[in-house]
Amino acid sequence: LFFFFLMIRRPPRSTLFPYTTLFRSNRIYVVGTGTDAQGMYVAGDDVIIANNIIGFDSTSTSGHGILLYNARKNIIITNNTIKNSHDPGDGSAIRLVTPAGTTEHIQIFGNQLYDDQETPTQEYGIYANGAGSFSDIQVAGSYFAGNQTADVSGLPTSSVRFDSNIN
């Protein structure tokens, strides 16, 4: 009987979501120079980005904490802290780029997206653009502060649900 219980164990965490790209519990600090710096660049479907700390301390002229390029469906971005503390610069904490087609089923919740400098340089908390379209997007329980232009920009209001965000 004892031997039987030794054989039973929980599966590794990475198999809880089969066929899913999972980024979890990282500390990412963007340091350097140039025209564009990304904390995390992700392309593809079925992506979970959770429990990361992404900070900027660079002299790049623009950058994004998380850049999702051509990610089509089933994207979860949760419980991340993305802090801009570089100057000069612009960019966004999270940027969604859809060159063509539709990006759908995106959940962005429980994140802290802010610029804590005396004179903020981060333009947006979440910025979306591209020739494609967006549908079924939820932004909930996130904290936005210090964004120069807007907390969220580029997402069509008809396809986005905003719930319990703190500005």
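## Basis of the description

A residue is called buried when its relative accessible area is under 20%, exposed when that area is over 50%, and partly exposed in between. The model described here is predicted.

## Aromatic pairs

Tyr127 has a relative accessibility of 23% and therefore counts as partly exposed. Tyr124, at 14%, counts as buried.

Three aromatic pairs are found in a search of the whole structure. In one of them, the ring centres of Tyr41 and Tyr69 are 6.4 Å apart and the planes meet at 20 degrees, so this pair is stacked. Tyr41 belongs to strand S3 and Tyr69 to strand S6, 28 residues apart, and the pair thus links distant parts of the chain. Tyr41 is partly exposed at 49%, and Tyr69 is partly exposed at 34%. Tyr124 and Tyr127 also form a stacked pair, with 4.6 Å from centre to centre and 20 degrees between the planes.

## The largest nonpolar core

The largest nonpolar core comprises 25 residues, and Ile66, Leu68 and Ile94 have the most contacts inside it. Among the strands that each supply at least two residues of this core are S3, S6, S9, S10, S12 and S13.

Leaving out residues up to four places away in sequence, Ile94 touches several residues, including Ile66, Ile77, Ile108, Leu113 and Tyr127.

## The surroundings of Ser142

Ser142 lies in the loop between strand S13 (133–140) and strand S14 (143–145). With 0% relative accessibility, Ser142 counts as buried. A polar atom of the Ser142 side chain is 3.3 Å from the backbone nitrogen of Asn111. Beyond neighbours within four places in sequence, the contacts of Ser142 include Ile108, Phe109, Gly110, Asn111 and Ser164.

Notes. Residues are numbered from 1 along each chain as its sequence is written. This is a predicted model: local features need pLDDT of at least 70, side-chain atom pairs count only at pLDDT 80 or more; totals for chains, interfaces and linings use all residues. Side-chain values use heavy atoms; hydrogens and water are left out. Helices (H or I, at least four residues) and strands (E, at least two) are DSSP runs, numbered from the N terminus. Buried means under 20% relative accessible area, exposed over 50%, partly exposed in between (1.4 Å probe, protein chains only). A polar contact is a pair of N or O atoms within 3.5 Å; within protein, one must be able to donate a hydrogen and the other to accept it, and residues adjacent in sequence count only if both atoms are side-chain atoms. Contact means heavy atoms within 4.5 Å. A nonpolar core is a set of buried Ala, Val, Leu, Ile, Met, Phe, Trp, Tyr and Cys residues joined through side-chain atoms within 4.5 Å. Rings of Phe, Tyr and Trp (its six-membered ring) pair if their centres lie within 6.5 Å; planes under 30 degrees apart count as stacked, over 60 as edge-to-face and the rest as tilted.
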